[in-house]
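Dear colleague,

A short account of the findings follows it.

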Amino acid sequence: MVSTKNKIHWLLIITLALFVSYAVFLTPGSASGEIKVILDDQELTFSVMPEIVESRALVPMREIFESLGASVSWDQP
């Protein structure tokens with residue numbers, strides 16, 4: 001027979017585990033839900049905001065390359 005003290009102990013453990021799981025797995029990368037990209041201690045801004053798709057971060061590379069001094073161009077076919 002399980003004592004009331006053991007039941008409360010296990011209930012607290014399960015509750016704590018659920019809160020930790022929620023905090024780790026279900027919350028976005030930042031409090032506001034936006035993705036921040038920092039390069040050389042400067043936060044980059046993007047014309048198209050980065051997003052998470054299927055657990056992968058999709059980030060527009062043009063702004064990153066231009067911040068590094070690269071020239072980016074596009075030739076229409």
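Is serine 55 buried or exposed? Serine 55 is exposed, because its relative accessible area is 74%, and exposed here stands for over 50%. Please bear in mind that this is a predicted model.

As to the overall architecture, the chain contains two helices and four strands. Read from the N terminus, these elements follow the order α-β-β-β-β-α. Of the 77 residues in the chain, 8% are buried. The chain exposes about 7,200 Å², of which carbon and sulfur atoms supply 61%. Among contacts with a separation of 6 or more, 12% are between residues 24 or more positions apart.

Most residues other than glycine have a negative phi. Serine 55, however, has a positive phi near 65°; this residue lies in the loop between β3 (51–53) and β4 (56–58). Aspartate 41 is not a glycine either, yet its phi is positive, at about 65°. Its place is in the loop between β1 (38–39) and β2 (42–43). Aspartate 41 counts as exposed, since its relative accessible area is 74%.

Tryptophan 10 belongs to helix α1 (residues 4–26) and is exposed, with a relative accessible area of 52%.

Yours sincerely

How values were computed
Residues numbered from 1 in each chain as written. Predicted model: local features only at pLDDT ≥ 70, side-chain atom pairs only at ≥ 80, totals over all residues. Heavy atoms only, no water. Buried < 20%, exposed > 50% of the residue type's maximum accessible area, 1.4 Å probe, protein only. Contact = heavy atoms within 4.5 Å. Areas by Shrake-Rupley, 256 points an atom, 1.4 Å probe, with all protein chains shown as cover.
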